[in-house]
Amino acid sequence: LDSASAAAVDDVDAVDRRLAPLKDVLGSERIVGYVTDRTAPTDVSDVNDATAAYYKTQYALAPVVVERGTDHRFVIAECTKTPPAAESLCPGARVALDLGGGTFLLERPDVR
Amino acid sequence: MTLALLVALALTTAMGTEIAVLATPRRRADAALRFVLAPALGMGASTACLFVTLLAFGSSVAPFLAIETVVVAGLAFVVIRRLRRPAVDDVPTPVPAVAYPRWATVLVAIVFAVGAASAAYRFWSVVDRHPHGTWDAWAIWNQRARFLAAPGDAWTGAMSDVLRWSHPDYPLLLPLDVAQYWIAAGARSTFVPAAIGAVFTASAVALLTLAVARFRGVVQGLLAGLVLIAASGYVEHGAAMYADVPLSFFVLTTVLALHLRAIHDDDRYLLLAGISASMAAWTKNEGLLFLVVAAAAALPAVRGGVSLPRRLKLFAAGAAPLVACLLAFKTKFRVESDMTAAMSVSSFGAKCVDWSRHREIATAFFHQTGSCFGMRASYVALPVLAVHSLATGGPPRRRRLVEAAPFLVVAGLFAAYYAAYLVTPYPLAWHISSSVDRLFFQAAPSVLLCVFLRRASQRATNGQPGAATA
């Protein structure tokens with residue numbers, strides 16, 4: 001924790017608020033998928049924007065486990081490009097909820 | 001504030017007070033010590049109640065408060081029995097050899113008050129900008145607390161293999177602490193982890209100040225506390241809701257307990273050492289290393305002390321409840337540490353004789369020593385303190401092994417850190433840069449205690465007020 005990061009204002013609270021509606025939608029769901037169009041980190045020491053966004057999503061959704069990938073009925077998609085193309089990140093899924101800020105809840109009808 | 005939250009706070013306070021009373025000999029000089037120890041010990045011990053609740057009933061407020069009530073009542077019974085016995089003889093505590101003029105004491109007290117106010121503002125300012133804590137807080141500790149506070153058995157999701165990046169093998173003291181008040185309140189307020197951070201930060205500063213003041217006088221005590229709150233980042237780490245500040249408090253308590261044991265030739269302080277060392281182990285994996293080092297430090301005998309098995313029994317009695325929780329946690333979830341999982345034993349030899357690694361670690365430790373205490377200020381303040389310590393310390397003398405135990409514990413902790421870096425499976429530069437500041441803050445209060453008490457190990461049994469070496 002250096003003085004710069006202590007002084008900076010982070011967006012964790014904003015992410016927490018943005019994803020708050022998902023708690024009702026997901027109900028008793030214990031695990032969801034996660035995809036993003038950000039560049040994936042290469043290894044443990046590569047802490048980039050994609051890592052931060054994924055970690056913040058997990059924090060906001062806990063106690064739901066968020067797993068990278070699309071193997072679950074519900075998938076969180078975070079898009080940085082405009083226009084956002086969430087469905088292209090998870091073929092076969094439909095947008096169940098637009099949470100704003102490029103974040104979507106996708107639902108895969110083929111997974112129960 | 002709900003009734004359940006008030007009850008939980010009252011039970012935590014009662015538990016901490018009872019443990020502080022039971023873990024220290026009945027000595028008048030220890031009254032202030034018990035007062036400072038109680039809040040953090042209570043928060044540490046109550047996590048065991050929540051962990052048992054989670055294992056037996058899942059996350060539920062009624063069983064949790066019922067278990068806490070039973071524990072508080074049981075401890076109260078033991079405390080009352082103990083209070084009926086006569087108190088131990090009060091032994092004179094070494095008093096500082098140097099008497100400061102009153103104006104100097106007042107001046108240092110004013111500077112300390114200004115420093116404390118500044119630290120409180122810095123703490124608030126970090127919390128205000130980061131209500132969920134900074135990176136490790138929301139990525140690890142508070143995230144896990146959200147799992148642990150979830151209804152039913154959803155808490156086990158925190159240890160999911162999917163979340164390996166969030167170190168699910170880390171012990172649970174801090175997240176359980178946060179979760180217990182969220183469960184009691186029925187809501188996830190960001191005020192709770194911030195308040196817990198404040199209690200541990202203030203407790204560490206108060207304990208260091210009190211301990212040094214007891215053996216070296218009020219001025220030295222205030223100076224020690226001042227150096228800690230002025231340390232570049234210690235208060236901020238507490239506000240960031242990291243586990244390193246709670247860990248530093250438990251390490252400091254253990255080191256102080258070992259020092260009190262040597263000063264008073266009283267093995268009963270080993271109970272406190274065992275309790276606090278086990279709380280360190282229940283806070284972070286580094287604390288587990290510390291527990292082993294502290295247990296070894298409990299071995300040397302004091303004059304007129306008890307036998308080795310009895311010494312170990314005292315230490316183990318203090319450590320047992322939370323070590324049992326730790327074992328239950330590690331056994332139930334069997335999540336391997338990412339570090340040990342990635343380690344290759346075959347590469348140990350090559351890493352140990354790779355001198356560039358030694359140079360890199362030693363350089364990082366050297367730079368961190370400066371930056372930990374405020375790079376610019378410390379290069380002035382620390383030599384001044386060292387000179388002052390030498391000037392007021394009296395002649396050098398041979399130290400008994402038991403008196404050296406606190407110093408050996410701190411040295412052992414740094415040796416463990418060094419060894420961990422030496423064999424780390426991760427890129428060394430990244431591993432150091434992402435953790436060395438936190439490791440130093442874990443030890444900072446204890447290092448300061450050792451620096452200020454360097455020559456204060458004169459046994460008190462024969463001491464007359466004013467005669468003992470400060």
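Reply: In chain B, α7 (191-216) and α10 (244-264) each contribute at least two residues to the lining of the largest cavity. Helices are DSSP runs of H or I with at least four residues. The model is predicted, with local features needing pLDDT of at least 70 and side-chain atom pairs 80 or more, while totals for chains, interfaces and linings use all residues. Residues are numbered from 1 along each chain, chains are lettered from A in the order written, and side-chain values use heavy atoms without hydrogens or water.

Me: Which helix gives the most to that lining?

Reply: α7(B) does, with 5 residues.

Me: Which residues line the largest one?

Reply: Among them are B:Ala29, B:Leu33, B:Leu207, B:Arg214, B:Phe215 and B:Leu260. By class, the lining has 8 nonpolar, no polar and 1 charged residues.

Me: Changing topic, where does B:Leu6 sit, and what is around it on the surface?

Reply: B:Leu6 belongs to helix α1 (residues 3-22) of chain B. With B:Leu3, B:Val7 and B:Leu9, B:Leu6 makes up a nonpolar surface patch of about 340 Å² accessible area together. Such patches join nonpolar side chains within 5 Å, from residues with over 30% relative accessible area and no salt bridge.

Note on methods:
Patches are made of residues with over 30% relative accessible area and no salt bridge: like charges are joined within 9 Å, nonpolar side chains (Val, Leu, Ile, Met, Phe, Trp, Tyr) within 5 Å. Accessible areas come from the Shrake-Rupley method with a 1.4 Å probe; for residues, only the protein chains shown count as cover. A salt bridge is a side-chain nitrogen of Lys or Arg within 4 Å of a carboxyl oxygen of Asp or Glu. On a 1 Å grid over the protein atoms alone, a cavity is a set of points where a 1.4 Å probe fits but cannot get out, and a pocket is an open set with protein on both sides within 12 Å along at least five of seven lines; lining residues have an atom within 4 Å of a point. Ala, Val, Leu, Ile, Met, Phe, Trp, Tyr, Cys and Pro count as nonpolar, Asp, Glu, Lys and Arg as charged, and the others, Gly among them, as polar.
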